[in-house]
2 protein chains.
Amino acid sequence: MTDIHDLTRRLQRRNDSKIVLLVADGLGGLPLEPGGKTELETARTPNFDALARRGVLGLSTPVLPGIAPGSGPGHLGLFGYDPLQYEIGRGVLESLGIDFDLGPADVAIRGNFCTIDEAGLITDRRAGRIGSEIGTKLCEKLDSIEIPGVEVFVRPVKEYRLVIVFRGDGLVGNVNDTDPQRTGVPPLEPQARDEASAKTVEICTEFIRQAREILKDDAPANLLTLRGIAQLPDIPTFEQAYGTRAAAVAVYPMYRGLARLVGMDVLDAGTTLDDQMNCLEAAWDDYDFFFVHYKYTDSTGEDGNFDAKVARTEDVDAAVPRITALNPDVIIVTGDHSTPAKCKAHSWHPVPVLLAADSCRFDGSESFGEAECLRGGLGQFEAKYLMLHALAHAGRLEKFGA
Amino acid sequence: MTDIHDLTRRLQRRNDSKIVLLVADGLGGLPLEPGGKTELETARTPNFDALARRGVLGLSTPVLPGIAPGSGPGHLGLFGYDPLQYEIGRGVLESLGIDFDLGPADVAIRGNFCTIDEAGLITDRRAGRIGSEIGTKLCEKLDSIEIPGVEVFVRPVKEYRLVIVFRGDGLVGNVNDTDPQRTGVPPLEPQARDEASAKTVEICTEFIRQAREILKDDAPANLLTLRGIAQLPDIPTFEQAYGTRAAAVAVYPMYRGLARLVGMDVLDAGTTLDDQMNCLEAAWDDYDFFFVHYKYTDSTGEDGNFDAKVARTEDVDAAVPRITALNPDVIIVTGDHSTPAKCKAHSWHPVPVLLAADSCRFDGSESFGEAECLRGGLGQFEAKYLMLHALAHAGRLEKFGA
């Protein structure tokens, strides 16, 4: 199979065009009843609809038919990276999610505080779900651990969850979880899946030894397990892959981290959509590509709150005039996956896509919604091809072959 | 490329859901005249249409655009196996077609009785198309052949066609056909395509030597040629790939064999659609996935009998209420390929697909037919992805990535 980025590296053309990718997280939905309308179809979205009339619509498949993606694979697809080729380990994703500035050689680990009894057997894999305040204090204690040859970082995530990062030369992260996934047994020993990871195993073992000593009086959180031990994938940046200077205008750490992963500059985007629009305007001259992320279409879907998701969709629509006033050459509105309120979860349903540019072939769309997208000019396509559409409409791709 | 089953193994989730895959063989058709209706569109199918109104439609491509599949690849695709990755040799397919219980190490061969003259040259590659009764008697004679180190099975298929199976340790089936594909020349010698197949060549050679002696007075069937020498593909079972307990409710040996190939339990399904529905009801509590196969939409298509294919399509439709009464979580109606009466043969035309489940995104379909399928929510997709859709709608797949 051809690597998309081998192609874009060869064909990339730099120019003054501007591309905006506006991601309403979990945008795709479902009607509550057969014959009904989805959240997006229910929402009053005059600005999306105006874009639809001059652009083209379609439906994207984030990973494969039937596969519901997490935020990581969902965004990698939108950014033009095959999510099956570039898998992001749990440790890395957790680090991104707390805005930890992970380096390319760092080993990142998701930790869980747990409870062990006097025999060393796990009695609670989540340490009685201790509060975040306790978790944060325990992380501060663990952050004092010193291991020769590496830097050790321990950061709280939430409640019993934490992140551990080892930074040093020659670390490889192919190490098994120490969480046995059940109680009544001791934690597993860290074990390397390849020779190159032997050093990481030594460091994990020493870390656990010291942590056991430090936490011994902190029941129910008197030990921790290590999970999802991983390193950043070796992934080309936006600059390398597409020749674009890219910026992320995102509020939530996870999405800022995913943007950093592909080499975007992560801007100070504030906390509201208004803040994000201010940020976009201020940075407009400095970048070619802008990833604008909005979270609440997803979280309302996860809550199963159809009406709230409709309202949040309308909020995103209301931000569009400030984007179009900047006169981008290409504007895309889409989601990283569907989160139908009916499902209260990420789902596998194809994701609505709207692309507006002067070079669009008119497809007769009148409004932005799943049913119109099904008949749209982009057809149904794999999300990893979206960036090719964006670059093409921005005049940023040379002809292939003579 | 990612192997679909690597993914489904990782993501499989077991639950109490039930999936029914109702295959009307050769379902896709063609209108007899431009602007006319296909067999499926002509048929009165109130039950399919009711499912279409609450489900989604689409068109599947069994192998690749323009490729008309045999029953083997057609069904492998429906079962979620890439038919280009898992090729089923002719010898294996013939064995499955006579309900022979082929073992994983067996070498299966399709044989043709032929006629040779005194010089040993083939004068008729099909032995004057002898009747099945003669073929059966000759197979009984050949079944007495004994070769040290292997068990030998010889079974009639039909007329001049037979199946030979060698069972023993260390057999590999990469051996060329002995049928020279023309008359006036002697049969070819069996030849190994790799070193591991040397033993199989020895056994084939000895088998032919004895057969020549046994058949010498049975002209026109005084010898046989060996074709499609093959072994079962190394294929994950439904249980392994999807975590489902799967059952086949199929009448014809070929389809029972294909189901057995992927590890389904093959139930005693009787001979009529009514028998099959009784079988389905009786087994309902014991399985998660049911493959129900109906043959006559294909055979009437092969006969070029448009009206009969319409009538057989209506017969399948009439069976639907007994399935929906069982309240499956997912019901799929489709074919393994198209067999338009106009073509009198399997064709490459995309195959109508109907999937109904509570989690469908309404696509506005009013009835089940090729034209509606072209506008359906599933779009046009490769048949190998159908199982992902089925599993997703049954809640049997975890989210991919975090």
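This is a predicted model: local features need pLDDT of at least 70, side-chain atom pairs count only at pLDDT 80 or more; totals for chains, interfaces and linings use all residues.
Mentor: Residues are numbered from 1 along each chain as its sequence is written, chains are lettered from A in the order in which they are written, and side-chain values use heavy atoms, with hydrogens and water left out.

Trainee: Why is A:Lys295 called buried?

Mentor: Buried means under 20% relative accessible area, computed with a 1.4 Å probe on protein chains only; A:Lys295 has 14% relative accessibility, and therefore counts as buried.

Trainee: What makes the pair of A:Lys295 and A:Tyr255 a polar contact?

Mentor: A polar contact needs N or O atoms within 3.5 Å, one able to donate a hydrogen and the other to accept it, and residues adjacent in sequence count only if both atoms are side-chain atoms. The side chains of A:Lys295 and A:Tyr255 make such a contact at 2.7 Å.

Trainee: How do you know that A:Glu87 and B:Arg10 form a salt bridge?

Mentor: The term asks for a side-chain nitrogen of Lys or Arg within 4 Å of a carboxyl oxygen of Asp or Glu, and here the closest N and O atoms are 2.9 Å apart, so the pair qualifies. The count between chain A and chain B is one salt bridge.

Trainee: Which residues of chain A and chain B touch, and how many?

Mentor: Taking contact as heavy atoms within 4.5 Å, 32 residues of chain A are in contact with 25 residues of chain B.

Note on methods
Buried means under 20% relative accessible area, exposed over 50%, partly exposed in between (1.4 Å probe, protein chains only).
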